[in-house]
Amino acid sequence: MTDKKNIIEKFLTWYKKFQISKSPQMNLVWGFFLYTLVGFGLLSIPLFHRTSVGFLDNLFISTSAISTTGLVTVSVYDSYNFFGQLIVMGLFQVGGIGYMTLTTYYLLFTTKNITHWHNKIIGAEFTLPKTIKIKDFIKSVIVFTAVMEVLGAICFFIAFKQEGMETIKAIWFSIFHSVSAFCTAGFGLFNDSFEGYSDNGFLNTIISVLAIAGSLGFIVITDFWYRFKRKSKRLSFTTKIVTYGFVLLLFIGTTLVYFAEPSVQNSNSRMAESFFQAMTAMTTVGFNTIPTGGLSLPILLCVTFLMYIGASPSGTAGGMKITTLTAMISVLKSRLAGQKRISFLGRIIPFERLYVATSTFILYTSVIFLFSFLLSFTENFDFEKILFEVASALGTVGLSTGITGELSSIGKVMVIVLMFVGRVGVLTFGFALLERKNKDSNEPIEDDLAV
């Protein structure tokens with residue numbers, strides 16, 4: 001007994017020293033990596049299987065869940081029993097709101113205080129404007145997540161019962177899909193996603209509301225809460241950029257699908273299906289109501305672009321982020337106009353934030369190009385399908401043209417790497433590899449700006 005106690009104490013001492021010696025970015029990478037391994041270990045237990053699942057498939061599902069991607073090589077419902085599905089849900093719940101968020105909230109709940117180390121890790125995981133305090137941010141994340149997922153589960157239950165689903169099954173399906181939708185995880189217990197419910201307006205609305213709420217980001221939610229509580233007199237610059245950009249891109253995406261996609265032209269739910277496909281790509285929720293593999297090439301590229309951009313920083317969505325796109329547009333606009341200072345909506349963007357945005361843009365685009373190039377060697381699929389798969393994996397979206405399960409072992413490993421890097425963040429992952437502290441993105445530069 002004493003030996004076990006000594007071993008545990010030595011491990012905790014080593015782990016504490018390891019945390020202090022590493023950069024916040026490296027700690028973040030190691031944290032998600034350990035959660036992935038734990039999930040992989042649990043999912044590998046035959047007790048949780050309905051049918052035999054391979055080694056690589058378990059690792060793929062674990063990584064996809066912790067990264068809230070939703071790409072799968074095997075059917076979650078057919079391959080895992082209730083306990084296996086529960087493990088998957090637990091992983092994308094942790095991945096959705098961030099494992100450090102849960103730890104930090106526990107500290108706030110028990111000690112009313114958080115350590116400097118936790119502040120640094122939260123800063124690495126979430127880029128926050130100076131106007132939002134970390135304590136308020138953490139509380140808003142937990143409370144808002146709980147409220148939305150509970151309300152979502154209730155609405156899902158009503159919708160599934162209306163569809164004639166038995167009560168026990170409806171309860172579990174409601175909880176699972178509510179958490180999955182809010183965390184924009186894209187995991188479903190239907191093998192065809194929600195294609196069988198394409199004409200169910202109630203179900204589509206539930207998914208859309210949950211996904212948009214999660215993907216807009218906790219910065220936006222906290223900001224609106226500040227305004228409601230009158231702690232601030234105006235919305236932050238970040239909130240304005242995210243909201244305007246999201247609405248504009250969603251409108252453009254919906255319009256393009258509505259007018260240019262042949263598969264929805266004769267549908268009775270044409271507008272709803274068009275909106276849903278644009279929404280699922282923008283929010284990176286990964287559900288679909290029409291077969292993604294059947295989309296025409298122009299719309300496939302449109303959806304790829306929306307997945308590439310993603311939604312808001314510090315939310316559950318993946319992608320490069322709207323704020324990064326905005327910064328790049330601002331650089332281009334100011335350069336063409338011959339302006340020395342770079343501005344957007346009448347606000348000067350600090351160069352430190354522009355450096356972060358530019359680095360993210362270059363790294364993100366380079367990773368997509370590199371892995372598309374590599375997968376072109378290992379896989380025998382049309383290039384547009386490979387590009388779509390890469391964008392979906394790095395953007396932690398989960399949409400697929402149907403090639404995920406047919407990937408070679410090397411292809412699956414590359415997609416696993418993409419999903420993991422996408423969840424951690426390309427810039428964070430880069431800093432972790434270089435063992436550098438990303439001071440520019442961890443420290444607030446402007447009073448209400450986060451890029």
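Which residues do ring pairs link into a cluster? Tyr77, Phe156, Phe160, Phe173, Phe190, Phe194, Tyr197 and Phe287 form this cluster. The legends below describe close-up views of a predicted model, in which local features need pLDDT of at least 70 and side-chain atom pairs count only at pLDDT 80 or more, whereas totals for chains, interfaces and linings use all residues. Residues are numbered from 1 along each chain as its sequence is written, and side-chain values use heavy atoms, with hydrogens and water left out.

**Figure 1. Overall composition of the protein chain.** The protein chain has 20 helices and two strands; helices (H or I, at least four residues) and strands (E, at least two) are DSSP runs numbered from the N terminus. Of its 451 residues, 57% count as buried. Buried denotes under 20% relative accessible area, exposed over 50%, and partly exposed the range in between, with a 1.4 Å probe and protein chains only. Among contacts in the protein chain with a separation of 6 or more, 72% come from residues 24 or more positions apart, a contact being heavy atoms within 4.5 Å.

Figure 2. A pair of aromatic rings is described by the distance of the centres and the angle of the planes. Rings of Phe, Tyr and Trp (its six-membered ring) pair if their centres lie within 6.5 Å; planes under 30 degrees apart count as stacked, over 60 as edge-to-face and the rest as tilted. By this rule there are 25 aromatic pairs. The ring centres of Phe160 and Phe190 are 5.9 Å apart and the planes stand at 55°, so this pair is tilted. Phe160 belongs to helix α8 (residues 134-162) and Phe190 to the loop between α9 (167-182) and α10 (201-216), so the pair ties together parts that are 30 residues apart in sequence. Phe160 and Phe190 are both buried.

**Figure 3. The ring pair of Tyr258 and Phe259.** The ring centres of Tyr258 and Phe259 lie 4.9 Å apart with planes at 80°, so the pair is edge-to-face. Phe259 counts as exposed, because its relative accessibility is 58%.

**Figure 4. Arginine charges over aromatic rings.** A charge sits over a ring if NZ of Lys or CZ of Arg is within 6 Å of the ring centre and within 35 degrees of the ring normal. Arg50 lies over the face of Tyr77, 4.9 Å from the ring centre. Tyr77 is also one of the residues in the ring cluster. The charged end of Arg347 is placed over the ring of Phe237, at 5.0 Å from its centre.

**Figure 5. The largest pocket.** About 580 Å³ of space lies in this pocket. The closest to its centre of the 29 lining residues are Val72, Asn191, Ser193, Gly398 and Ser400. On a 1 Å grid over the protein atoms alone, a pocket is an open set of points where a 1.4 Å probe fits, with protein on both sides within 12 Å along at least five of seven lines, and lining residues have an atom within 4 Å of a point. Grid points are joined across faces, edges and corners, and the volume is the space filled by probe spheres set on the points. The lining has ten nonpolar, 17 polar and two charged residues; Ala, Val, Leu, Ile, Met, Phe, Trp, Tyr, Cys and Pro count as nonpolar, Asp, Glu, Lys and Arg as charged, and the others, Gly among them, as polar.

Figure 6. Thr304, in helix α14 (residues 297-309), counts as buried at 9% relative accessibility. Leaving aside neighbours within four places in sequence, Thr304 is in contact with Leu387, Phe388 and Ala391. Val390, in helix α17 (residues 383-394), is buried with a relative accessible area of 0%. With the same exclusion of neighbours within four places, Val390 is in contact with Ile368, Phe371, Ser372, Leu375 and Leu418. The C-alpha atoms of Val390 and Phe369, 21 residues apart along the chain, are separated by 8.8 Å. Ile368 lies in helix α16 (residues 351-378) and is buried at 9% relative accessibility. Beyond its neighbours within four places in sequence, Ile368 is in contact with Tyr308, Leu387, Val390 and Leu394.

Figure 7. Most residues other than glycine have a negative phi. Thr68, in the loop between α3 (55-66) and α4 (76-79), has a positive phi of about 55° and is buried at 1% relative accessibility. Thr396, in the loop between α17 and α18 (409-424), has a positive phi of about 50° and is buried at 2% relative accessibility.
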